[in-house]
Amino acid sequence: MLKFFSLHLKPNGCLLFNSGNSYAETYGEMKGQDFYHASLDPEEYITLLAQNGFNLMLNKISDADCGSRTVWLAQKID
């Protein structure tokens, strides 16, 4: 997905997303719907962001304000 985002963002555009805190797969529920969730290890996200032309601006692991998810903010490099 990071390659897709990079191809569609304008230079200096920002990407904000959240992930789990480690490599994992799980199932959950939201508003009565079952959801499949998968996450990479944070180090892998860092590598993939760099490989796809992003500069990591913010990374908060287990952010209490975001349901203990990991928050990412990255900017596409010119």
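## Lysine 76 and its surroundings

In this predicted model, a polar atom of the side chain of lysine 76 lies 2.4 Å from the backbone oxygen of serine 6. Lysine 76 belongs to strand β5, and with a relative accessibility of 16% it counts as buried, because the cut-off for buried is under 20%. Leaving aside residues up to four places away in sequence, lysine 76 touches Ser6, Leu9, Lys10, Pro11, Asn12, Gly13, Gly53 and Phe54.

## Helix α2

Helix α2 spans residues 42-51, and Pro42, Tyr45 and Leu49 are buried in it. Viewed down the axis of α2, the buried residues fall within an arc of 50°, so they line one face of the helix. Glu43, Ala50 and Gln51, on the other side of α2, are exposed.

The buried residues of α2 are covered by elements including α1 (2-8), β1 (14-19), β3 (33-39), β4 (54-63) and β5 (69-76). After α2 comes glycine 53, which has a positive phi near 80°.

The largest pocket has a volume of about 330 Å³, and of the 15 residues that line it, Asn18, Ser19, Gly20, His37 and Ala38 are the closest to its centre. β2 gives the most to this lining, with four residues, and the lining of the largest pocket comprises five nonpolar, eight polar and two charged residues.

The second largest pocket, with a volume of about 180 Å³, is lined by Met1, Leu2, Lys3, Phe5, Phe17, Leu40, Tyr45 and Leu48. The largest share of the lining of this second pocket, three residues, comes from α1, and its lining residues divide into seven nonpolar, no polar and one charged.

Note on methods: Residues numbered from 1 in each chain as written. Predicted model: local features only at pLDDT ≥ 70, side-chain atom pairs only at ≥ 80, totals over all residues. Heavy atoms only, no water. Buried < 20%, exposed > 50% of the residue type's maximum accessible area, 1.4 Å probe, protein only. Helix = DSSP H or I, 4+ residues; strand = E, 2+ residues; numbered from the N terminus. Arc of directions from axis to C-beta. Contact = heavy atoms within 4.5 Å. Polar contact = N/O pair within 3.5 Å; in protein donor to acceptor, adjacent residues only side chain to side chain. 1 Å grid on protein atoms, 1.4 Å probe; cavity = no way out; pocket = protein on both sides within 12 Å on 5 of 7 lines; lining within 4 Å. Points joined across faces, edges and corners; volume = space filled by probe spheres on them. Nonpolar A, V, L, I, M, F, W, Y, C, P; charged D, E, K, R; others polar.
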